[in-house]
Amino acid sequence: MSQKLFVKCKTCGTIIEKKKFKENYYVCSSCGNYKTLDYKRRLAMIMDKDTFRETNMHTDFYNPIEFPGYIEKHNSIVSTVDLDEAIITGRGTIGGQNVMIGIMDTRYMMGSMGVVVGEKVTRLFEDAQNYKLSVVLFCASGGARMQEGIFSLMQMAKTAAAVSKFSQAGGLYISILTNPTTGGVSASFAFLGDIILAEPGALIGFAGKRVIEQTIKEKLPNNFQTSEFLFEYGYIDLIVERKQLKEVISKILAIHSQENNLTYKPII
Amino acid sequence: MINVDIEEIKINNAWNKVLSARKITRFRSLVIMNSIFHSFLQLHGDRGIGDDKSIIGGIALLDNQAVTVIGQQKGNSPSEMEYYQYGMTKPEGYRKSLRLMRQAEKFGRPIICFIDTPGAFPGVSAEENGQAEAIARNLYEMANFTVPVMSIIIGEGGSGGALALGVANKVIMLENAIYSVVSPEACASILCKDSRKAPDIAGDLKVTANELKNYGIIDEIISEEGDVQEIFGRIKQSIVSELLRCSQLEGCEIRNERIEKYRCIGNEIEFFNK
(Lines give C-alpha, C1' and ligand atoms only; values in the text may rest on other atoms or scores of the structure.)
Protein backbone atom coordinates (compact mmCIF):
# COMPACT_ATOMS: atom_id res chain seq x y z
CA MET A 1 0.00 0.00 0.00
CA SER A 2 1.30 3.39 -0.92
CA GLN A 3 1.82 5.65 2.09
CA LYS A 4 0.98 8.64 -0.04
CA LEU A 5 -2.33 7.50 -1.45
CA PHE A 6 -3.98 5.84 1.53
CA VAL A 7 -4.65 6.50 5.21
CA LYS A 8 -5.77 4.17 7.94
CA CYS A 9 -8.66 5.17 10.21
CA LYS A 10 -7.31 5.30 13.76
CA THR A 11 -10.60 4.07 15.19
CA CYS A 12 -11.72 1.18 12.98
CA GLY A 13 -8.56 0.46 11.02
CA THR A 14 -10.22 0.81 7.61
CA ILE A 15 -7.87 1.76 4.80
CA ILE A 16 -9.23 4.83 3.01
CA GLU A 17 -8.03 6.51 -0.15
CA LYS A 18 -6.52 9.83 0.91
CA LYS A 19 -8.32 11.82 -1.76
CA LYS A 20 -11.68 10.34 -0.73
CA PHE A 21 -10.89 10.96 2.95
CA LYS A 22 -10.26 14.62 2.19
CA GLU A 23 -13.41 14.87 0.07
CA ASN A 24 -15.32 13.41 3.01
CA TYR A 25 -13.98 16.17 5.32
CA TYR A 26 -11.60 13.75 7.08
CA VAL A 27 -14.50 11.66 8.36
CA CYS A 28 -14.06 7.89 8.09
CA SER A 29 -16.53 6.57 5.51
CA SER A 30 -16.65 3.25 7.33
CA CYS A 31 -17.10 4.06 11.04
CA GLY A 32 -17.92 7.78 10.82
CA ASN A 33 -15.08 8.78 13.12
CA TYR A 34 -14.03 12.44 12.91
CA LYS A 35 -10.31 13.01 12.53
CA THR A 36 -9.15 15.93 14.67
CA LEU A 37 -8.26 18.72 12.28
CA ASP A 38 -5.18 20.90 12.22
CA TYR A 39 -5.88 24.60 11.84
CA LYS A 40 -5.01 24.73 8.13
CA ARG A 41 -7.56 22.08 7.19
CA ARG A 42 -10.14 23.74 9.40
CA LEU A 43 -9.49 27.12 7.80
CA ALA A 44 -9.77 25.63 4.34
CA MET A 45 -13.15 24.11 5.19
CA ILE A 46 -14.65 27.13 6.90
CA MET A 47 -13.25 30.34 5.50
CA ASP A 48 -13.88 31.75 2.04
CA LYS A 49 -10.83 31.11 -0.10
CA ASP A 50 -7.85 33.44 0.45
CA THR A 51 -9.68 35.70 2.90
CA PHE A 52 -7.94 34.70 6.13
CA ARG A 53 -5.48 37.18 7.65
CA GLU A 54 -3.80 36.06 10.84
CA THR A 55 -3.79 38.44 13.83
CA ASN A 56 -1.77 38.59 17.03
CA MET A 57 0.96 36.32 15.83
CA HIS A 58 3.03 35.34 18.74
CA THR A 59 6.78 35.70 18.99
CA ASP A 60 8.45 34.60 22.21
CA PHE A 61 8.08 31.48 24.31
CA TYR A 62 6.63 32.38 27.70
CA ASN A 63 7.38 30.36 30.82
CA PRO A 64 5.82 32.27 33.73
CA ILE A 65 6.62 29.85 36.56
CA GLU A 66 9.77 28.44 34.92
CA PHE A 67 8.34 24.98 34.99
CA PRO A 68 10.96 22.22 34.55
CA GLY A 69 10.94 20.60 31.13
CA TYR A 70 8.48 23.06 29.62
CA ILE A 71 10.83 24.75 27.17
CA GLU A 72 12.21 21.37 26.06
CA LYS A 73 8.68 20.22 25.33
CA HIS A 74 7.96 23.43 23.43
CA ASN A 75 11.13 23.08 21.37
CA SER A 76 10.38 19.49 20.47
CA ILE A 77 6.87 20.40 19.27
CA VAL A 78 7.88 23.42 17.21
CA SER A 79 10.54 21.36 15.49
CA THR A 80 7.91 18.95 14.17
CA VAL A 81 4.79 21.05 13.49
CA ASP A 82 4.03 24.36 11.81
CA LEU A 83 2.73 26.21 14.86
CA ASP A 84 4.15 27.61 18.09
CA GLU A 85 1.01 27.77 20.21
CA ALA A 86 -2.33 26.04 20.64
CA ILE A 87 -4.46 28.60 18.81
CA ILE A 88 -4.34 30.78 15.75
CA THR A 89 -6.59 33.80 15.39
CA GLY A 90 -7.44 36.04 12.51
CA ARG A 91 -9.92 37.81 10.35
CA GLY A 92 -11.65 36.77 7.17
CA THR A 93 -14.99 35.99 5.60
CA ILE A 94 -17.38 33.05 5.92
CA GLY A 95 -20.06 32.97 3.26
CA GLY A 96 -19.10 36.54 2.38
CA GLN A 97 -19.50 37.82 5.92
CA ASN A 98 -16.60 39.32 7.87
CA VAL A 99 -15.73 37.60 11.13
CA MET A 100 -12.96 37.24 13.66
CA ILE A 101 -12.04 33.59 13.92
CA GLY A 102 -10.03 31.47 16.34
CA ILE A 103 -9.00 27.88 15.76
CA MET A 104 -7.41 25.78 18.46
CA ASP A 105 -4.96 23.11 17.39
CA THR A 106 -4.30 20.10 19.61
CA ARG A 107 -0.94 19.37 18.01
CA TYR A 108 0.56 21.94 20.36
CA MET A 109 0.38 20.53 23.92
CA MET A 110 -3.12 19.08 23.52
CA GLY A 111 -4.49 22.53 22.73
CA SER A 112 -4.03 23.52 26.35
CA MET A 113 -4.55 27.11 27.51
CA GLY A 114 -1.63 29.01 28.96
CA VAL A 115 -1.05 32.74 29.01
CA VAL A 116 -0.48 33.08 25.24
CA VAL A 117 -3.70 31.22 24.39
CA GLY A 118 -5.61 33.24 27.00
CA GLU A 119 -4.20 36.47 25.65
CA LYS A 120 -4.97 35.58 22.03
CA VAL A 121 -8.54 34.58 22.88
CA THR A 122 -8.98 37.80 24.86
CA ARG A 123 -7.62 39.91 21.99
CA LEU A 124 -9.84 38.04 19.56
CA PHE A 125 -12.89 39.32 21.43
CA GLU A 126 -11.41 42.81 21.89
CA ASP A 127 -10.58 43.06 18.18
CA ALA A 128 -14.03 41.81 17.27
CA GLN A 129 -15.57 44.50 19.45
CA ASN A 130 -13.39 47.20 17.86
CA TYR A 131 -14.24 46.09 14.32
CA LYS A 132 -17.86 45.30 15.22
CA LEU A 133 -17.51 41.73 13.99
CA SER A 134 -18.83 38.39 15.19
CA VAL A 135 -16.54 35.79 16.74
CA VAL A 136 -16.38 32.22 15.46
CA LEU A 137 -14.25 30.07 17.73
CA PHE A 138 -13.34 26.42 17.18
CA CYS A 139 -12.48 24.91 20.55
CA ALA A 140 -10.21 21.89 20.91
CA SER A 141 -8.34 21.62 24.16
CA GLY A 142 -7.40 19.35 27.02
CA GLY A 143 -7.88 22.28 29.43
CA ALA A 144 -5.66 24.68 31.34
CA ARG A 145 -1.93 24.15 30.80
CA MET A 146 -0.32 22.68 33.92
CA GLN A 147 3.13 23.94 32.98
CA GLU A 148 2.04 27.54 33.49
CA GLY A 149 0.50 26.86 36.90
CA ILE A 150 -1.74 29.53 38.37
CA PHE A 151 -1.21 31.78 35.33
CA SER A 152 -3.16 29.28 33.23
CA LEU A 153 -5.98 29.21 35.75
CA MET A 154 -6.22 33.00 35.60
CA GLN A 155 -6.71 32.83 31.83
CA MET A 156 -10.08 31.21 32.50
CA ALA A 157 -11.19 34.33 34.39
CA LYS A 158 -9.59 36.62 31.82
CA THR A 159 -11.20 35.01 28.77
CA ALA A 160 -14.60 34.73 30.47
CA ALA A 161 -14.44 38.44 31.31
CA ALA A 162 -13.49 39.19 27.70
CA VAL A 163 -16.51 37.26 26.41
CA SER A 164 -18.65 39.08 28.94
CA LYS A 165 -17.52 42.55 27.80
CA PHE A 166 -17.94 41.61 24.15
CA SER A 167 -21.37 40.18 24.80
CA GLN A 168 -22.56 43.27 26.66
CA ALA A 169 -21.50 45.36 23.68
CA GLY A 170 -23.92 43.25 21.63
CA GLY A 171 -21.40 41.03 19.83
CA LEU A 172 -22.31 37.59 18.50
CA TYR A 173 -20.12 34.68 19.59
CA ILE A 174 -20.50 31.26 17.97
CA SER A 175 -18.58 28.57 19.82
CA ILE A 176 -17.93 25.27 18.08
CA LEU A 177 -16.89 22.42 20.36
CA THR A 178 -14.69 19.85 18.64
CA ASN A 179 -12.83 16.82 19.87
CA PRO A 180 -11.71 17.27 22.65
CA THR A 181 -13.07 20.25 24.62
CA THR A 182 -12.44 19.61 28.29
CA GLY A 183 -11.22 21.06 31.60
CA GLY A 184 -10.44 24.74 31.94
CA VAL A 185 -11.33 25.58 28.36
CA SER A 186 -14.77 23.98 28.54
CA ALA A 187 -15.20 25.72 31.91
CA SER A 188 -14.46 29.16 30.47
CA PHE A 189 -14.93 30.60 26.98
CA ALA A 190 -15.99 27.36 25.23
CA PHE A 191 -19.34 27.17 27.01
CA LEU A 192 -20.02 30.91 26.87
CA GLY A 193 -21.10 31.17 23.24
CA ASP A 194 -24.42 32.79 22.34
CA ILE A 195 -24.81 29.74 20.14
CA ILE A 196 -22.91 26.55 20.92
CA LEU A 197 -22.40 24.02 18.14
CA ALA A 198 -20.56 20.71 18.34
CA GLU A 199 -19.19 18.19 15.91
CA PRO A 200 -20.63 14.68 16.30
CA GLY A 201 -18.90 12.30 18.67
CA ALA A 202 -16.54 14.86 20.22
CA LEU A 203 -15.29 14.38 23.78
CA ILE A 204 -16.69 17.32 25.75
CA GLY A 205 -16.77 17.72 29.51
CA PHE A 206 -15.11 19.09 32.60
CA ALA A 207 -13.49 16.33 34.64
CA GLY A 208 -11.36 13.61 33.08
CA LYS A 209 -12.99 10.19 32.77
CA ARG A 210 -10.22 8.50 34.74
CA VAL A 211 -10.53 11.01 37.57
CA ILE A 212 -14.25 10.34 37.78
CA GLU A 213 -13.80 6.57 37.74
CA GLN A 214 -11.03 6.66 40.34
CA THR A 215 -12.44 9.14 42.81
CA ILE A 216 -16.15 8.40 42.62
CA LYS A 217 -16.05 4.71 41.64
CA GLU A 218 -19.04 5.26 39.39
CA LYS A 219 -19.70 3.34 36.22
CA LEU A 220 -19.71 5.66 33.25
CA PRO A 221 -22.56 5.60 30.71
CA ASN A 222 -21.68 4.56 27.16
CA ASN A 223 -21.93 7.93 25.48
CA PHE A 224 -20.58 9.77 28.54
CA GLN A 225 -19.11 13.22 27.79
CA THR A 226 -19.84 13.07 24.08
CA SER A 227 -21.51 15.80 22.02
CA GLU A 228 -24.64 13.66 21.95
CA PHE A 229 -24.60 13.27 25.76
CA LEU A 230 -24.34 17.03 26.30
CA PHE A 231 -26.96 17.70 23.65
CA GLU A 232 -29.34 15.37 25.45
CA TYR A 233 -28.82 17.29 28.70
CA GLY A 234 -29.38 20.64 27.02
CA TYR A 235 -25.88 22.11 26.91
CA ILE A 236 -25.45 22.32 23.15
CA ASP A 237 -27.66 24.10 20.62
CA LEU A 238 -26.92 21.87 17.66
CA ILE A 239 -24.73 18.98 16.65
CA VAL A 240 -23.59 19.72 13.13
CA GLU A 241 -21.88 17.40 10.70
CA ARG A 242 -18.55 18.69 9.51
CA LYS A 243 -19.67 19.01 5.91
CA GLN A 244 -22.59 21.21 7.03
CA LEU A 245 -20.65 23.45 9.41
CA LYS A 246 -19.83 26.26 7.00
CA GLU A 247 -23.40 26.46 5.81
CA VAL A 248 -24.83 26.49 9.35
CA ILE A 249 -22.34 29.12 10.55
CA SER A 250 -23.08 31.27 7.47
CA LYS A 251 -26.78 31.02 8.20
CA ILE A 252 -26.33 32.11 11.82
CA LEU A 253 -24.13 35.02 10.73
CA ALA A 254 -26.68 36.08 8.13
CA ILE A 255 -29.52 36.08 10.63
CA HIS A 256 -27.43 38.34 12.88
CA SER A 257 -26.19 40.61 10.09
CA GLN A 258 -26.92 44.32 10.19
CA GLU A 259 -29.17 44.38 7.18
CA ASN A 260 -31.35 41.75 8.77
CA ASN A 261 -31.65 43.63 12.04
CA LEU A 262 -31.55 47.36 11.41
CA THR A 263 -33.85 47.62 8.41
CA TYR A 264 -36.69 45.60 9.82
CA LYS A 265 -39.94 47.46 10.14
CA PRO A 266 -42.69 45.66 11.99
CA ILE A 267 -45.87 45.07 10.07
CA ILE A 268 -48.69 46.64 12.00
CA MET B 1 -6.84 10.71 48.12
CA ILE B 2 -3.27 11.45 49.22
CA ASN B 3 -1.40 8.48 47.91
CA VAL B 4 2.13 9.36 48.88
CA ASP B 5 4.58 7.81 51.30
CA ILE B 6 5.86 10.89 53.07
CA GLU B 7 8.83 9.10 54.59
CA GLU B 8 10.26 8.23 51.21
CA ILE B 9 10.51 11.66 49.79
CA LYS B 10 12.07 14.94 50.54
CA ILE B 11 9.57 17.16 52.28
CA ASN B 12 9.61 20.61 50.85
CA ASN B 13 7.97 23.80 51.92
CA ALA B 14 5.29 23.70 49.24
CA TRP B 15 4.32 20.15 50.12
CA ASN B 16 4.11 21.09 53.81
CA LYS B 17 1.64 23.79 52.85
CA VAL B 18 -0.37 21.28 50.79
CA LEU B 19 -0.60 19.00 53.81
CA SER B 20 -1.49 21.88 56.16
CA ALA B 21 -4.18 23.14 53.82
CA ARG B 22 -5.74 19.67 53.74
CA LYS B 23 -5.55 18.88 57.48
CA ILE B 24 -8.86 17.49 58.68
CA THR B 25 -8.62 19.53 61.89
CA ARG B 26 -8.26 22.81 59.99
CA PHE B 27 -10.85 25.56 60.53
CA ARG B 28 -13.67 25.55 58.00
CA SER B 29 -15.76 28.21 56.26
CA LEU B 30 -18.77 27.90 58.54
CA VAL B 31 -16.86 28.45 61.77
CA ILE B 32 -15.16 31.51 60.27
CA MET B 33 -18.47 32.92 59.04
CA ASN B 34 -20.11 32.42 62.42
CA SER B 35 -17.21 34.13 64.13
CA ILE B 36 -16.90 37.16 61.82
CA PHE B 37 -20.52 37.90 60.91
CA HIS B 38 -23.67 38.10 62.94
CA SER B 39 -27.34 37.58 62.05
CA PHE B 40 -26.08 35.03 59.50
CA LEU B 41 -29.05 33.47 57.75
CA GLN B 42 -28.30 30.53 55.47
CA LEU B 43 -30.19 30.42 52.19
CA HIS B 44 -30.55 27.28 50.14
CA GLY B 45 -31.02 25.88 46.68
CA ASP B 46 -30.19 26.77 43.09
CA ARG B 47 -33.89 27.02 42.08
CA GLY B 48 -33.15 24.34 39.52
CA ILE B 49 -32.19 20.91 40.68
CA GLY B 50 -31.10 21.04 44.28
CA ASP B 51 -29.11 22.37 47.21
CA ASP B 52 -25.43 21.55 47.09
CA LYS B 53 -24.04 20.54 50.47
CA SER B 54 -20.54 21.83 49.76
CA ILE B 55 -21.74 25.42 49.46
CA ILE B 56 -22.85 27.35 52.51
CA GLY B 57 -24.35 30.70 51.62
CA GLY B 58 -26.62 33.42 52.83
CA ILE B 59 -26.99 36.93 54.13
CA ALA B 60 -25.38 38.40 57.21
CA LEU B 61 -24.15 41.53 58.92
CA LEU B 62 -20.54 42.51 59.22
CA ASP B 63 -20.82 44.93 62.13
CA ASN B 64 -23.68 46.95 60.62
CA GLN B 65 -22.94 46.34 56.95
CA ALA B 66 -25.18 43.87 55.10
CA VAL B 67 -23.19 41.34 53.10
CA THR B 68 -23.74 38.19 51.09
CA VAL B 69 -21.54 35.36 52.28
CA ILE B 70 -20.68 32.21 50.34
CA GLY B 71 -18.27 29.49 51.34
CA GLN B 72 -17.12 26.03 50.38
CA GLN B 73 -17.49 23.78 53.39
CA LYS B 74 -15.54 20.71 54.43
CA GLY B 75 -15.85 18.79 57.68
CA ASN B 76 -13.66 18.03 60.67
CA SER B 77 -14.44 14.30 60.79
CA PRO B 78 -14.70 11.62 58.11
CA SER B 79 -18.50 11.59 58.32
CA GLU B 80 -18.69 15.38 58.13
CA MET B 81 -16.27 15.37 55.23
CA GLU B 82 -18.51 12.93 53.39
CA TYR B 83 -21.61 15.01 54.17
CA TYR B 84 -20.02 18.13 52.69
CA GLN B 85 -18.69 16.17 49.67
CA TYR B 86 -15.11 16.91 50.77
CA GLY B 87 -15.73 20.49 49.69
CA MET B 88 -16.17 19.44 46.07
CA THR B 89 -18.85 21.63 44.53
CA LYS B 90 -21.43 20.37 42.05
CA PRO B 91 -23.01 22.45 39.29
CA GLU B 92 -26.03 23.14 41.50
CA GLY B 93 -23.59 24.53 44.08
CA TYR B 94 -22.07 26.99 41.61
CA ARG B 95 -25.55 27.97 40.46
CA LYS B 96 -26.68 28.40 44.06
CA SER B 97 -23.71 30.68 44.67
CA LEU B 98 -24.48 32.60 41.48
CA ARG B 99 -28.08 33.06 42.55
CA LEU B 100 -26.94 34.51 45.87
CA MET B 101 -24.41 36.74 44.15
CA ARG B 102 -27.03 38.11 41.75
CA GLN B 103 -29.21 38.80 44.76
CA ALA B 104 -26.31 40.67 46.36
CA GLU B 105 -25.90 42.74 43.18
CA LYS B 106 -29.60 43.58 43.20
CA PHE B 107 -29.54 44.81 46.80
CA GLY B 108 -26.09 46.40 46.61
CA ARG B 109 -24.48 44.08 49.13
CA PRO B 110 -20.75 43.23 48.99
CA ILE B 111 -19.99 39.57 48.26
CA ILE B 112 -17.57 37.67 50.47
CA CYS B 113 -16.46 34.20 49.29
CA PHE B 114 -14.53 31.63 51.29
CA ILE B 115 -12.72 29.11 49.11
CA ASP B 116 -11.78 25.63 50.33
CA THR B 117 -12.01 22.87 47.74
CA PRO B 118 -9.81 20.18 46.24
CA GLY B 119 -11.67 20.89 42.99
CA ALA B 120 -15.08 20.80 41.39
CA PHE B 121 -17.01 17.57 42.00
CA PRO B 122 -15.98 14.92 39.45
CA GLY B 123 -18.96 12.66 38.87
CA VAL B 124 -21.46 11.47 36.32
CA SER B 125 -24.30 13.66 37.59
CA ALA B 126 -22.02 16.70 37.70
CA GLU B 127 -21.24 16.25 34.00
CA GLU B 128 -24.90 15.63 33.18
CA ASN B 129 -25.76 18.88 34.91
CA GLY B 130 -23.15 20.89 33.05
CA GLN B 131 -20.25 21.34 35.44
CA ALA B 132 -18.18 23.14 32.80
CA GLU B 133 -21.01 25.51 31.90
CA ALA B 134 -21.74 26.22 35.56
CA ILE B 135 -18.15 27.22 36.31
CA ALA B 136 -17.86 29.24 33.09
CA ARG B 137 -21.08 31.09 33.91
CA ASN B 138 -19.80 32.06 37.36
CA LEU B 139 -16.59 33.46 35.86
CA TYR B 140 -18.58 35.38 33.26
CA GLU B 141 -21.03 36.89 35.70
CA MET B 142 -18.61 37.57 38.53
CA ALA B 143 -16.62 39.78 36.19
CA ASN B 144 -19.60 42.12 35.89
CA PHE B 145 -20.87 42.77 39.37
CA THR B 146 -20.78 46.38 40.48
CA VAL B 147 -20.69 45.44 44.16
CA PRO B 148 -17.32 44.59 45.73
CA VAL B 149 -16.34 40.92 45.52
CA MET B 150 -13.77 39.55 47.90
CA SER B 151 -12.42 36.00 47.94
CA ILE B 152 -10.50 34.41 50.77
CA ILE B 153 -8.74 31.11 50.19
CA ILE B 154 -8.75 29.51 53.62
CA GLY B 155 -7.46 26.02 52.74
CA GLU B 156 -7.35 24.38 49.34
CA GLY B 157 -7.82 26.50 46.26
CA GLY B 158 -8.29 23.67 43.79
CA SER B 159 -8.36 24.76 40.16
CA GLY B 160 -11.53 25.84 38.33
CA GLY B 161 -13.58 24.63 41.26
CA ALA B 162 -11.98 27.37 43.37
CA LEU B 163 -11.78 30.05 40.70
CA ALA B 164 -15.56 29.83 40.23
CA LEU B 165 -15.79 31.68 43.57
CA GLY B 166 -12.56 33.58 43.07
CA VAL B 167 -13.09 36.32 40.48
CA ALA B 168 -12.74 39.14 42.98
CA ASN B 169 -11.53 42.70 43.50
CA LYS B 170 -9.33 41.39 46.24
CA VAL B 171 -8.05 37.83 46.64
CA ILE B 172 -6.61 36.88 50.00
CA MET B 173 -4.89 33.69 51.12
CA LEU B 174 -4.34 32.31 54.56
CA GLU B 175 -0.64 31.70 55.22
CA ASN B 176 -0.96 27.91 54.92
CA ALA B 177 -3.49 27.84 52.10
CA ILE B 178 -2.65 26.72 48.57
CA TYR B 179 -3.99 27.76 45.18
CA SER B 180 -3.27 25.71 42.08
CA VAL B 181 -4.37 24.96 38.53
CA VAL B 182 -4.06 21.23 39.20
CA SER B 183 -3.48 19.04 42.25
CA PRO B 184 0.18 18.08 42.65
CA GLU B 185 -0.87 14.40 42.55
CA ALA B 186 -2.75 14.75 39.26
CA CYS B 187 0.06 16.79 37.73
CA ALA B 188 2.68 14.25 38.81
CA SER B 189 0.56 11.42 37.54
CA ILE B 190 0.08 13.05 34.12
CA LEU B 191 3.55 14.52 33.56
CA CYS B 192 5.75 12.00 35.40
CA LYS B 193 3.38 9.00 35.27
CA ASP B 194 4.02 8.77 39.01
CA SER B 195 1.80 10.42 41.63
CA ARG B 196 4.50 9.84 44.24
CA LYS B 197 6.39 12.75 42.67
CA ALA B 198 3.62 15.05 43.96
CA PRO B 199 5.74 16.67 46.71
CA ASP B 200 8.37 17.80 44.20
CA ILE B 201 5.76 18.87 41.66
CA ALA B 202 4.05 20.92 44.38
CA GLY B 203 7.23 22.98 44.53
CA ASP B 204 7.37 23.36 40.75
CA LEU B 205 3.72 24.43 40.50
CA LYS B 206 4.22 27.45 42.80
CA VAL B 207 1.12 26.95 44.92
CA THR B 208 2.03 28.79 48.13
CA ALA B 209 0.66 32.13 49.27
CA ASN B 210 4.11 33.73 49.25
CA GLU B 211 4.86 32.73 45.68
CA LEU B 212 1.43 33.78 44.42
CA LYS B 213 1.71 37.12 46.22
CA ASN B 214 5.08 37.69 44.54
CA TYR B 215 3.49 36.98 41.16
CA GLY B 216 0.75 39.49 41.93
CA ILE B 217 -1.93 36.81 41.53
CA ILE B 218 -3.18 37.33 45.09
CA ASP B 219 -3.28 40.59 47.01
CA GLU B 220 -2.71 39.77 50.64
CA ILE B 221 -1.58 37.00 52.98
CA ILE B 222 -3.11 36.53 56.39
CA SER B 223 -0.81 35.23 59.10
CA GLU B 224 -1.87 32.09 60.94
CA GLU B 225 0.05 32.87 64.08
CA GLY B 226 -1.82 32.67 67.37
CA ASP B 227 -5.14 30.97 68.10
CA VAL B 228 -8.06 30.75 65.69
CA GLN B 229 -9.83 33.76 67.18
CA GLU B 230 -6.78 35.88 66.41
CA ILE B 231 -6.68 34.50 62.86
CA PHE B 232 -10.39 35.13 62.34
CA GLY B 233 -9.89 38.64 63.76
CA ARG B 234 -7.31 39.31 61.05
CA ILE B 235 -9.64 37.99 58.35
CA LYS B 236 -12.39 40.29 59.61
CA GLN B 237 -10.04 43.25 59.73
CA SER B 238 -8.98 42.59 56.16
CA ILE B 239 -12.60 42.40 54.95
CA VAL B 240 -13.50 45.59 56.80
CA SER B 241 -10.66 47.58 55.30
CA GLU B 242 -11.38 46.30 51.78
CA LEU B 243 -15.06 47.25 52.08
CA LEU B 244 -14.02 50.65 53.38
CA ARG B 245 -11.76 51.10 50.35
CA CYS B 246 -14.52 50.03 47.95
CA SER B 247 -17.02 52.38 49.62
CA GLN B 248 -15.04 55.24 48.02
CA LEU B 249 -15.57 53.80 44.53
CA GLU B 250 -18.47 53.92 42.08
CA GLY B 251 -20.04 50.62 41.01
CA CYS B 252 -18.57 50.85 37.50
CA GLU B 253 -15.12 51.53 38.96
CA ILE B 254 -15.44 48.44 41.12
CA ARG B 255 -16.39 46.36 38.07
CA ASN B 256 -13.67 47.81 35.84
CA GLU B 257 -11.02 47.37 38.50
CA ARG B 258 -11.94 43.69 38.79
CA ILE B 259 -11.93 43.06 35.05
CA GLU B 260 -8.61 44.91 34.66
CA LYS B 261 -7.05 42.87 37.45
CA TYR B 262 -7.44 39.71 35.34
CA ARG B 263 -7.01 41.41 31.98
CA CYS B 264 -3.45 42.45 32.81
CA ILE B 265 -2.22 38.93 33.66
CA GLY B 266 -0.06 38.15 30.65
CA ASN B 267 -0.81 41.32 28.67
CA GLU B 268 2.89 42.18 28.49
CA ILE B 269 3.35 39.55 25.81
CA GLU B 270 4.19 41.12 22.47
CA PHE B 271 2.38 40.04 19.34
CA PHE B 272 2.70 41.19 15.79
CA ASN B 273 0.19 41.40 12.96
CA LYS B 274 0.57 40.83 9.26
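How many residues of chain B are in contact with chain A, and how many of chain A with chain B? On the chain B side, 46 residues take part, and they are in contact with 51 residues of chain A. Keep in mind that this is a predicted model.

Which elements supply it? Several helices each give at least two residues, among them H5 (124–128), H6 (131–142), H7 (159–163) and H8 (184–191) of chain B. The largest share comes from H6(B), with 7 residues. What about residue class? The side of chain B that touches chain A has 28 nonpolar residues, 10 polar and 8 charged.

Now find strand E9 of chain B again. Strand E4 of chain A, residues 57–58, is joined to E9(B) by 2 bridges. Those two strands run antiparallel. For a residue pair to look at, take A:Met57, which stands opposite B:Phe272 in E9(B).

On to chain A by itself. Its secondary structure comes to 9 helices and 10 strands. In what order do 7 of the strands line up in the open sheet? Read it as E3-E5-E6-E7-E8-E9-E10 of chain A, with mixed pairing. Which strands are at the edges? They are E3 (53–55) and E10 (238–239) of chain A, and each pairs on one side only.

Look inside that sheet for a moment. Strand E6 of chain A covers residues 97–104, and strand E7 of chain A covers residues 134–141. They run parallel, and 5 bridges join them. Here too there is a pair to find: A:Val99 stands opposite A:Ser134 in E7(A).

How is chain A divided? The domain assignment gives domain 1, residues 1–35, and domain 2, residues 36–256. The C-alpha centres of these two domains of chain A lie 25 Å apart. Across that boundary, 5 residues of domain 1 of chain A are in contact with 10 residues of domain 2 of chain A. The domain 1 side of this contact has 4 nonpolar residues, no polar ones and 1 charged.

Next, the overall form of chain A. Its C-alpha trace spans about 60 × 45 × 40 Å along the principal axes. A compact globule of 268 residues would have a radius of gyration near 18 Å, and chain A has 19 Å, which agrees. Of its 268 residues, 46% count as buried. Take the contacts in chain A between residues at least 6 apart in sequence: 66% of them join residues at least 24 apart.

Buried residues make up 53% of the 274 residues in chain B. Among contacts in chain B with a separation of 6 or more, 72% come from residues 24 or more positions apart.

Then move to E9(B), and find its 2 bridges to E4 of chain A.

Technical notes:
Residues are numbered from 1 along each chain as its sequence is written. Chains are lettered from A and ligands numbered from 1 in the order in which they are written. This is a predicted model: local features need pLDDT of at least 70, side-chain atom pairs count only at pLDDT 80 or more; totals for chains, interfaces and linings use all residues. Domain bounds come from an automatic or database domain assignment. Two residues are in contact if their C-beta atoms, placed from the backbone, lie within 7 Å. Ala, Val, Leu, Ile, Met, Phe, Trp, Tyr, Cys and Pro count as nonpolar, Asp, Glu, Lys and Arg as charged, and the others, Gly among them, as polar. Helices (H or I, at least four residues) and strands (E, at least two) are DSSP runs, numbered from the N terminus. The radius of gyration is taken over C-alpha atoms; the globule rule is 2.2 Å times the number of residues to the power 0.38. A residue is buried if 20 or more other C-beta atoms lie within 10 Å of its own, exposed if 12 or fewer, and partly exposed in between; C-beta atoms are placed from the backbone. Two strands pair if DSSP finds at least two bridges between them.
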